[in-house]
Protein chains: 2
Amino acid sequence: MTYTIKQAAEKSGLSIYTLRFYDKEGLLPFVARNQSGYREFTDGDLNLIHTICCLKNTGMKISAIRTYIDDVMAGPQTVDHRRELLTAHRDAVLENQRQVAENLKGIDFKLALYEDPNALALVQAERDLAEQEKRANHLENPYAVH
Amino acid sequence: MTYTIKQAAEKSGLSIYTLRFYDKEGLLPFVARNQSGYREFTDGDLNLIHTICCLKNTGMKISAIRTYIDDVMAGPQTVDHRRELLTAHRDAVLENQRQVAENLKGIDFKLALYEDPNALALVQAERDLAEQEKRANHLENPYAVH
DNA sequence: ATAAACCCTCGACAATACTCTAGGGCAACT
DNA sequence: AGTTGCCCTAGAGTATTGTCGAGGGTTTAT
(Lines give C-alpha, C1' and ligand atoms only; values in the text may rest on other atoms or scores of the structure.)
Protein backbone atom coordinates (compact mmCIF):
# COMPACT_ATOMS: atom_id res chain seq x y z
CA MET A 1 0.00 0.00 0.00
CA THR A 2 1.28 3.47 -0.88
CA TYR A 3 0.15 7.02 -0.23
CA THR A 4 -0.32 10.03 -2.46
CA ILE A 5 1.39 13.27 -1.52
CA LYS A 6 -1.88 14.49 -0.07
CA GLN A 7 -2.15 11.45 2.19
CA ALA A 8 1.51 11.69 3.11
CA ALA A 9 0.94 15.33 4.07
CA GLU A 10 -1.93 14.35 6.34
CA LYS A 11 0.04 11.54 7.94
CA SER A 12 3.19 13.55 8.45
CA GLY A 13 1.64 16.84 9.48
CA LEU A 14 3.63 18.63 6.79
CA SER A 15 1.98 20.53 3.98
CA ILE A 16 2.07 19.28 0.41
CA TYR A 17 4.18 22.31 -0.40
CA THR A 18 6.65 21.44 2.30
CA LEU A 19 6.94 17.85 1.16
CA ARG A 20 7.69 18.98 -2.38
CA PHE A 21 10.10 21.57 -1.03
CA TYR A 22 11.90 18.95 1.02
CA ASP A 23 12.10 16.72 -2.02
CA LYS A 24 13.59 19.58 -4.02
CA GLU A 25 16.13 20.07 -1.23
CA GLY A 26 17.21 16.46 -1.44
CA LEU A 27 15.58 15.32 1.79
CA LEU A 28 13.35 12.73 0.14
CA PRO A 29 15.47 10.85 -2.42
CA PHE A 30 13.90 7.63 -1.15
CA VAL A 31 10.41 8.53 -2.38
CA ALA A 32 9.74 6.70 -5.64
CA ARG A 33 7.61 7.86 -8.54
CA ASN A 34 4.99 5.93 -10.47
CA GLN A 35 4.77 5.90 -14.24
CA SER A 36 2.91 9.21 -14.31
CA GLY A 37 5.71 10.88 -12.37
CA TYR A 38 3.55 10.99 -9.23
CA ARG A 39 5.26 10.42 -5.89
CA GLU A 40 4.23 7.24 -4.09
CA PHE A 41 4.98 7.20 -0.38
CA THR A 42 5.48 3.88 1.39
CA ASP A 43 5.17 3.31 5.14
CA GLY A 44 8.94 3.10 5.30
CA ASP A 45 9.12 6.50 3.61
CA LEU A 46 6.77 7.92 6.22
CA ASN A 47 8.96 6.52 8.98
CA LEU A 48 11.96 8.25 7.55
CA ILE A 49 9.96 11.46 7.13
CA HIS A 50 9.07 11.16 10.78
CA THR A 51 12.75 11.08 11.63
CA ILE A 52 13.27 14.11 9.42
CA CYS A 53 10.54 15.89 11.36
CA CYS A 54 12.20 14.97 14.66
CA LEU A 55 15.41 16.53 13.42
CA LYS A 56 13.66 19.58 12.02
CA ASN A 57 11.55 20.10 15.15
CA THR A 58 14.64 20.04 17.31
CA GLY A 59 16.20 22.80 15.26
CA MET A 60 18.36 20.98 12.74
CA LYS A 61 18.82 22.89 9.50
CA ILE A 62 17.70 21.38 6.24
CA SER A 63 21.25 21.26 4.92
CA ALA A 64 22.29 19.21 7.96
CA ILE A 65 19.31 16.90 7.65
CA ARG A 66 20.35 16.40 4.08
CA THR A 67 23.77 15.22 5.18
CA TYR A 68 22.07 12.64 7.38
CA ILE A 69 19.78 11.50 4.59
CA ASP A 70 22.75 11.20 2.25
CA ASP A 71 24.27 8.83 4.80
CA VAL A 72 21.07 6.83 4.99
CA MET A 73 21.02 6.45 1.22
CA ALA A 74 24.69 5.56 1.07
CA GLY A 75 24.15 2.42 3.11
CA PRO A 76 24.93 0.69 6.41
CA GLN A 77 28.63 1.49 6.25
CA THR A 78 27.76 5.06 7.24
CA VAL A 79 26.35 4.13 10.66
CA ASP A 80 29.41 5.50 12.44
CA HIS A 81 29.00 8.84 10.77
CA ARG A 82 25.25 8.86 11.40
CA ARG A 83 25.87 8.15 15.07
CA GLU A 84 28.33 11.04 15.26
CA LEU A 85 25.89 13.37 13.53
CA LEU A 86 22.98 12.48 15.79
CA THR A 87 25.07 12.53 18.94
CA ALA A 88 26.39 15.98 18.10
CA HIS A 89 22.88 17.17 17.35
CA ARG A 90 21.56 15.66 20.54
CA ASP A 91 24.20 17.50 22.55
CA ALA A 92 23.36 20.74 20.76
CA VAL A 93 19.68 20.28 21.51
CA LEU A 94 20.33 19.63 25.19
CA GLU A 95 22.61 22.64 25.39
CA ASN A 96 19.93 24.71 23.74
CA GLN A 97 17.31 23.44 26.16
CA ARG A 98 19.60 24.50 28.95
CA GLN A 99 19.98 27.98 27.44
CA VAL A 100 16.25 28.33 27.01
CA ALA A 101 15.67 27.32 30.63
CA GLU A 102 18.25 29.88 31.66
CA ASN A 103 16.61 32.66 29.68
CA LEU A 104 13.25 31.64 31.03
CA LYS A 105 14.57 32.46 34.48
CA GLY A 106 15.02 36.06 33.37
CA ILE A 107 11.43 36.11 32.22
CA ASP A 108 10.19 34.55 35.44
CA PHE A 109 12.04 37.25 37.33
CA LYS A 110 10.07 39.90 35.47
CA LEU A 111 6.89 37.93 35.95
CA ALA A 112 7.44 37.81 39.68
CA LEU A 113 7.59 41.59 39.62
CA TYR A 114 4.35 41.86 37.69
CA GLU A 115 2.65 39.31 39.92
CA ASP A 116 3.63 41.05 43.12
CA PRO A 117 0.67 42.55 45.01
CA ASN A 118 2.65 45.76 44.95
CA ALA A 119 3.49 45.50 41.26
CA LEU A 120 2.29 48.97 40.35
CA ALA A 121 4.55 50.71 42.84
CA LEU A 122 7.51 48.49 42.02
CA VAL A 123 7.20 49.12 38.31
CA GLN A 124 6.81 52.81 38.96
CA ALA A 125 9.98 52.77 41.06
CA GLU A 126 11.82 50.94 38.27
CA ARG A 127 10.69 53.62 35.84
CA ASP A 128 11.66 56.44 38.18
CA LEU A 129 15.12 54.98 38.44
CA ALA A 130 15.49 54.76 34.68
CA GLU A 131 14.35 58.35 34.27
CA GLN A 132 16.76 59.51 36.95
CA GLU A 133 19.58 57.73 35.17
CA LYS A 134 18.77 59.59 31.98
CA ARG A 135 18.75 62.94 33.78
CA ALA A 136 22.03 62.16 35.54
CA ASN A 137 23.60 61.66 32.13
CA HIS A 138 22.06 64.78 30.61
CA LEU A 139 19.99 62.75 28.17
CA GLU A 140 16.48 63.32 26.98
CA ASN A 141 13.94 61.23 28.84
CA PRO A 142 12.37 58.71 26.46
CA TYR A 143 9.88 57.73 29.16
CA ALA A 144 8.36 61.19 29.42
CA VAL A 145 4.65 61.30 28.68
CA HIS A 146 3.88 63.75 25.92
CA MET B 1 28.02 56.51 33.05
CA THR B 2 26.80 55.57 29.59
CA TYR B 3 27.96 53.18 26.89
CA THR B 4 28.54 53.59 23.18
CA ILE B 5 26.85 51.17 20.82
CA LYS B 6 30.10 49.22 20.61
CA GLN B 7 30.26 48.82 24.36
CA ALA B 8 26.57 47.97 24.51
CA ALA B 9 27.18 45.31 21.89
CA GLU B 10 29.97 43.79 23.96
CA LYS B 11 27.92 43.88 27.14
CA SER B 12 24.77 42.45 25.57
CA GLY B 13 26.37 39.89 23.28
CA LEU B 14 24.48 41.33 20.33
CA SER B 15 26.26 42.79 17.31
CA ILE B 16 26.24 46.49 16.61
CA TYR B 17 24.19 45.69 13.51
CA THR B 18 21.63 43.84 15.54
CA LEU B 19 21.31 46.65 18.06
CA ARG B 20 20.68 49.13 15.27
CA PHE B 21 18.27 46.70 13.65
CA TYR B 22 16.37 46.28 16.92
CA ASP B 23 16.22 50.03 17.30
CA LYS B 24 14.84 50.31 13.77
CA GLU B 25 12.21 47.72 14.71
CA GLY B 26 11.09 49.77 17.67
CA LEU B 27 12.61 47.54 20.33
CA LEU B 28 14.85 50.22 21.79
CA PRO B 29 12.77 53.40 22.06
CA PHE B 30 14.27 53.92 25.51
CA VAL B 31 17.80 54.46 24.23
CA ALA B 32 18.53 58.19 24.18
CA ARG B 33 20.77 60.06 21.76
CA ASN B 34 23.41 62.67 22.51
CA GLN B 35 23.74 65.92 20.63
CA SER B 36 25.61 64.26 17.77
CA GLY B 37 22.79 61.79 17.27
CA TYR B 38 24.85 58.98 18.81
CA ARG B 39 23.05 56.43 20.96
CA GLU B 40 23.99 56.48 24.64
CA PHE B 41 23.14 53.32 26.53
CA THR B 42 22.56 53.49 30.29
CA ASP B 43 22.76 50.54 32.67
CA GLY B 44 18.98 50.56 32.82
CA ASP B 45 18.89 50.31 29.04
CA LEU B 46 21.18 47.29 29.19
CA ASN B 47 18.91 45.67 31.76
CA LEU B 48 15.96 46.07 29.44
CA ILE B 49 18.02 44.79 26.53
CA HIS B 50 18.81 41.78 28.65
CA THR B 51 15.10 41.15 29.05
CA ILE B 52 14.69 41.54 25.29
CA CYS B 53 17.39 38.92 24.81
CA CYS B 54 15.63 36.55 27.23
CA LEU B 55 12.48 36.90 25.17
CA LYS B 56 14.31 36.53 21.87
CA ASN B 57 16.34 33.54 23.05
CA THR B 58 13.20 31.75 24.12
CA GLY B 59 11.73 32.17 20.67
CA MET B 60 9.61 35.29 20.91
CA LYS B 61 9.29 37.12 17.63
CA ILE B 62 10.47 40.68 17.32
CA SER B 63 6.95 41.93 16.66
CA ALA B 64 5.79 40.37 19.92
CA ILE B 65 8.74 41.75 21.83
CA ARG B 66 7.79 45.11 20.44
CA THR B 67 4.33 44.80 21.92
CA TYR B 68 5.92 44.18 25.30
CA ILE B 69 8.29 47.14 24.93
CA ASP B 70 5.38 49.34 23.94
CA ASP B 71 3.76 48.36 27.22
CA VAL B 72 6.92 49.16 29.13
CA MET B 73 7.08 52.58 27.54
CA ALA B 74 3.40 53.23 28.15
CA GLY B 75 3.84 53.06 31.91
CA PRO B 76 2.97 51.10 35.03
CA GLN B 77 -0.73 50.91 34.18
CA THR B 78 0.16 48.21 31.61
CA VAL B 79 1.47 45.73 34.20
CA ASP B 80 -1.62 43.55 33.83
CA HIS B 81 -1.12 43.28 30.10
CA ARG B 82 2.60 42.67 30.50
CA ARG B 83 1.87 39.88 32.94
CA GLU B 84 -0.55 38.29 30.49
CA LEU B 85 1.97 38.55 27.66
CA LEU B 86 4.80 37.02 29.65
CA THR B 87 2.63 34.31 31.15
CA ALA B 88 1.38 33.30 27.70
CA HIS B 89 4.92 33.31 26.39
CA ARG B 90 6.13 31.29 29.34
CA ASP B 91 3.46 28.67 28.67
CA ALA B 92 4.39 28.58 24.99
CA VAL B 93 8.05 28.10 25.85
CA LEU B 94 7.30 25.24 28.24
CA GLU B 95 5.06 23.61 25.66
CA ASN B 96 7.81 23.98 23.11
CA GLN B 97 10.34 22.46 25.49
CA ARG B 98 7.99 19.54 25.88
CA GLN B 99 7.70 19.14 22.12
CA VAL B 100 11.45 19.28 21.67
CA ALA B 101 11.92 16.64 24.38
CA GLU B 102 9.35 14.50 22.59
CA ASN B 103 11.10 14.83 19.24
CA LEU B 104 14.40 14.11 20.90
CA LYS B 105 13.01 10.74 21.88
CA GLY B 106 12.63 9.90 18.20
CA ILE B 107 16.26 10.81 17.66
CA ASP B 108 17.39 8.81 20.68
CA PHE B 109 15.55 5.84 19.26
CA LYS B 110 17.60 6.07 16.09
CA LEU B 111 20.75 6.62 18.11
CA ALA B 112 20.10 3.46 20.09
CA LEU B 113 20.03 1.61 16.81
CA TYR B 114 23.31 3.10 15.68
CA GLU B 115 24.91 2.44 19.06
CA ASP B 116 23.89 -1.20 19.16
CA PRO B 117 26.84 -3.61 18.90
CA ASN B 118 24.91 -5.18 16.05
CA ALA B 119 24.15 -1.85 14.38
CA LEU B 120 25.43 -2.83 10.96
CA ALA B 121 23.13 -5.81 10.64
CA LEU B 122 20.16 -3.94 12.09
CA VAL B 123 20.57 -1.06 9.67
CA GLN B 124 21.00 -3.49 6.82
CA ALA B 125 17.76 -5.22 7.82
CA GLU B 126 15.98 -1.87 7.94
CA ARG B 127 17.20 -1.15 4.45
CA ASP B 128 16.22 -4.59 3.16
CA LEU B 129 12.73 -4.02 4.46
CA ALA B 130 12.45 -0.67 2.73
CA GLU B 131 13.65 -2.15 -0.55
CA GLN B 132 11.23 -5.01 -0.24
CA GLU B 133 8.40 -2.53 0.30
CA LYS B 134 9.33 -0.74 -2.91
CA ARG B 135 9.36 -3.99 -4.86
CA ALA B 136 6.02 -5.05 -3.40
CA ASN B 137 4.53 -1.85 -4.77
CA HIS B 138 6.18 -2.13 -8.17
CA LEU B 139 8.26 0.96 -7.59
CA GLU B 140 11.81 1.66 -8.59
CA ASN B 141 14.26 1.09 -5.78
CA PRO B 142 15.87 4.39 -4.76
CA TYR B 143 18.27 2.52 -2.47
CA ALA B 144 19.82 0.51 -5.29
CA VAL B 145 23.54 1.06 -5.68
CA HIS B 146 24.39 2.17 -9.17
C1' DA C 1 44.95 69.89 11.41
C1' DT C 2 44.93 65.40 10.07
C1' DA C 3 44.60 60.38 10.63
C1' DA C 4 42.31 56.70 12.90
C1' DA C 5 38.53 55.04 14.94
C1' DC C 6 34.02 55.86 15.99
C1' DC C 7 29.11 57.04 15.04
C1' DC C 8 24.94 57.81 11.89
C1' DT C 9 21.19 56.53 8.14
C1' DC C 10 19.47 54.29 4.25
C1' DG C 11 18.95 50.77 1.57
C1' DA C 12 20.70 46.64 -0.62
C1' DC C 13 21.80 41.81 0.11
C1' DA C 14 21.53 37.24 2.30
C1' DA C 15 20.11 33.03 4.49
C1' DT C 16 16.34 30.12 5.79
C1' DA C 17 12.16 27.92 5.12
C1' DC C 18 8.51 27.86 3.25
C1' DT C 19 4.09 29.20 0.27
C1' DC C 20 1.84 29.94 -3.76
C1' DT C 21 0.85 30.64 -8.88
C1' DA C 22 0.92 29.41 -13.63
C1' DG C 23 0.68 26.15 -16.95
C1' DG C 24 -0.04 21.62 -17.98
C1' DG C 25 -0.82 16.39 -17.43
C1' DC C 26 -3.51 12.35 -15.45
C1' DA C 27 -7.46 9.68 -13.33
C1' DA C 28 -12.11 8.78 -12.15
C1' DC C 29 -16.85 9.55 -12.64
C1' DT C 30 -20.91 10.81 -15.20
C1' DA D 1 -16.41 13.87 -23.91
C1' DG D 2 -16.52 16.81 -20.07
C1' DT D 3 -15.97 18.01 -15.30
C1' DT D 4 -13.68 17.54 -11.08
C1' DG D 5 -9.92 16.79 -8.46
C1' DC D 6 -5.74 15.20 -8.08
C1' DC D 7 -0.63 15.33 -9.56
C1' DC D 8 3.67 17.61 -11.65
C1' DT D 9 7.55 21.42 -12.35
C1' DA D 10 9.55 25.90 -12.41
C1' DG D 11 9.92 29.82 -10.58
C1' DA D 12 8.17 33.89 -8.19
C1' DG D 13 6.83 35.76 -3.76
C1' DT D 14 6.85 36.12 1.40
C1' DA D 15 8.32 36.43 6.20
C1' DT D 16 11.89 36.77 9.43
C1' DT D 17 16.17 38.18 11.13
C1' DG D 18 19.92 39.77 10.41
C1' DT D 19 24.44 41.65 7.86
C1' DC D 20 26.84 44.82 5.24
C1' DG D 21 28.35 48.80 2.11
C1' DA D 22 28.18 53.58 0.75
C1' DG D 23 28.31 58.11 1.96
C1' DG D 24 28.96 61.25 5.44
C1' DG D 25 29.58 63.43 10.20
C1' DT D 26 32.24 63.23 15.04
C1' DT D 27 35.81 62.42 18.47
C1' DT D 28 40.33 61.55 19.98
C1' DA D 29 45.06 61.48 19.85
C1' DT D 30 49.14 63.04 17.81
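How far apart do the C-alpha centres of domain 1 of chain A and domain 2 of chain A lie? In this predicted model, the two centres lie 36 Å apart, where domain 1 of chain A covers residues 1-74 and domain 2 of chain A covers residues 78-139. The contact between these two domains takes 9 residues from domain 1 of chain A and 7 residues from domain 2 of chain A.

Let me stay with that interface for a moment. Domain 1 and domain 2 of chain A bury about 720 Å² between them, and 70% of that area is on carbon and sulfur atoms. On the side of domain 1 of chain A that touches domain 2 of chain A, helix H4 of chain A, residues 62-74, gives the most, with 5 residues. Sorted by class, that side of domain 1 has 5 nonpolar, 3 polar and 1 charged residues.

I would now like to move to one residue of chain B. Lys134(B) lies in helix H6 of chain B, which runs over residues 119-136. Is this lysine, Lys134(B), buried or exposed? Lys134(B) counts as buried because its relative accessible area is 1%, and the cut-off for buried is under 20%. Leaving aside residues up to four places away in sequence, Lys134(B) touches Phe30(A), Val31(A), Ala32(A), Thr42(A) and Asp45(A) in chain A, together with Leu139(B), Glu140(B), Pro142(B) and Tyr143(B) in chain B.

Terms used. Residues are numbered from 1 along each chain as its sequence is written. Chains are lettered from A and ligands numbered from 1 in the order in which they are written. This is a predicted model: local features need pLDDT of at least 70, side-chain atom pairs count only at pLDDT 80 or more; totals for chains, interfaces and linings use all residues. Side-chain values use heavy atoms; hydrogens and water are left out. Domain bounds come from an automatic or database domain assignment. Contact means heavy atoms within 4.5 Å. Buried area is the accessible area (1.4 Å probe) that two parts lose on being put together, summed over both. Helices (H or I, at least four residues) and strands (E, at least two) are DSSP runs, numbered from the N terminus. Ala, Val, Leu, Ile, Met, Phe, Trp, Tyr, Cys and Pro count as nonpolar, Asp, Glu, Lys and Arg as charged, and the others, Gly among them, as polar. Buried means under 20% relative accessible area, exposed over 50%, partly exposed in between (1.4 Å probe, protein chains only).
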